[in-house]
Amino acid sequence: MSESDFDVTLGIEEEFFLVDPGTRDLLSDPDRGIFEMCERNRGPHKVVVEFLRSQIETNTAVCRSVGEVRDALRAARRAVVDAATAHGAAVMAAATHPFAAWEEQMPTPKERYERFAVTFQESVRRMIVGGMHVHAGFGTPDERIRVMTALRRHLPLLHALSASSPFNAGRETGFKSYRLTIMGALPRTSVPGPLLSVADYERVVASYQRMNFIQDSSELWWDIRPSRAHPTVELRICDVCPRIDDAVSIAALYAALVRWLLRQVREDRLPPEPLTEIIIENRWLAQRYGVLAFLGDTVGGGRLDIRDYAAALVETLAADARDLGCEDEMRHALTIIDEGSGADRQIDHFRLLRLDGASAEEALRAVVDLVVAETRAGLEADA
């Protein structure tokens, strides 16, 4: 087998909030000209509406390297930021807004969204959240399912690195990622059970469809899933990252993990699967503590500092990351742990302002300013 048989293609979806630069609140009904300008200037990427009118989503074109991912994210973000600025709005890459009221939001008129609103009621109306989904294309359909199952134990780490939702409805939640708590009000979320083949997966989908729970597999909102539209495995657990460097790092770590696990599949050397219940426990710890978590050790038992776990994993994946040309980007994951994720920066900013005498409302508005600035950072580099 040649090295090209282990190539990994990537694509990233990012969900952003559209913010009033004056009040810092969400724009419940932003100027439609934002979307029209994005459509004219999006290049090879896509810009689409989301469930709430106050959100906008970008989908990058297929990327054949992590370097291309960085360029694609920058171009897609720039298209949204430029269009928003031209129409009196700001763009915020965080997985929750610090103080927006869900009661004031307006849904996008679309049959699919209207059906969800009727079915899921309050749980979907409260869903002011923004995620980052990373698609990885590789291997055969059966190999993708086996790699997807093997990736499950690493989902808590990938999530902790992305955490950017410590506030909700004007309160500090105590979680580094409150987004997953909000998402958990819907069915068919969290970590899927172990699957070993496409046939296994198709049986699950068929069972849901026989009972009229879903129309198609796109309504399985697992933390990781086979894409319905593309020959990819879609990582869905991550919060959207304010900083492009952090998003690129997560994509690099994911790509290296995929490549390494694909080799294990082909050599029949995959380790035994940990209990799904333990992975879900680690998922909760990642939500709660982010990059300060002590995760359950699925190999040796006991608890493991997430920094030690990440450092060992980075060394294991080093050769694959080098082959993919993304070792530096992957190692940035350790910098995120050492310096804090987007959630840590938001919390620190809020608490320091409160210590300096700012009111809670003033400090929360300043958190929005921080995230807006981070979302814009670096977009001018190759403008």
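Arg236 is buried, with a relative accessible area of 10%. Here buried means under 20% relative accessible area, exposed means over 50%, and partly exposed lies in between (1.4 Å probe, protein chains only). Glu234 is also buried, at 2%. The side chains of Arg236 and Glu234 meet in a salt bridge, at 3.3 Å from N to O. A salt bridge is a side-chain nitrogen of Lys or Arg within 4 Å of a carboxyl oxygen of Asp or Glu. The model is predicted: local features need pLDDT of at least 70, side-chain atom pairs count only at pLDDT 80 or more, and totals for chains, interfaces and linings use all residues. Residues are numbered from 1 along each chain as its sequence is written, and side-chain values use heavy atoms, with hydrogens and water left out.

Side chains of opposite charge can pair when their charged atoms come close. A search of the whole structure finds 29 salt bridges. One of them joins Arg24 and Asp369, at 2.9 Å from N to O. Arg24 lies in the loop between strand E1 (9–19) and helix H1 (33–41), and Asp369 in helix H14 (residues 360–376), so the pair ties together parts that are 345 residues apart in sequence. Helices (H or I, at least four residues) and strands (E, at least two) are DSSP runs, numbered from the N terminus. Arg24 is partly exposed, at 22% relative accessibility. Asp369 is partly exposed as well, at 34%.

Arg269 forms a salt bridge with Glu267, and their closest N and O atoms are 2.5 Å apart. Arg269 counts as partly exposed, at 48%. Glu267 is partly exposed, at 41%. Elsewhere, salt bridges that share partners join Arg243, Asp246, Arg345 and Glu374 into one network.

The second largest pocket has a volume of about 390 Å³. Of the 18 residues that line this pocket, the closest to its centre are Arg153, His154, Thr298, Val299 and Tyr309. Helix H9 (244–266), strand E10 (294–296) and helix H11 (306–324) each give two or more residues to the lining. The largest share, five residues, comes from H11. By class, the lining has ten nonpolar, five polar and three charged residues. Ala, Val, Leu, Ile, Met, Phe, Trp, Tyr, Cys and Pro count as nonpolar, Asp, Glu, Lys and Arg as charged, and the others, Gly among them, as polar. On a 1 Å grid over the protein atoms alone, a pocket is an open set of points where a 1.4 Å probe fits, with protein on both sides within 12 Å along at least five of seven lines; lining residues have an atom within 4 Å of a point. A volume is the space filled by probe spheres set on the points, which are joined across faces, edges and corners.

Helix H10 (residues 276–289) holds Trp284. Trp284 is partly exposed, at 37% relative accessibility. Leu285 is also placed in helix H10, but Leu285 is buried, at 9%. Leu285 and Leu157 are 128 residues apart in sequence and 9.9 Å apart in space, C-alpha to C-alpha.

Most residues other than glycine have a negative phi. Arg188 has a positive phi of about 60° although it is not a glycine. Arg188 lies in the loop between helix H7 (179–183) and helix H8 (198–210). Arg188 is buried, at 13% relative accessibility. Asn212, not a glycine either, has a positive phi of about 60°. Asn212 sits in the loop between H8 and strand E8 (224–226). Asn212 is exposed, with a relative accessible area of 69%.
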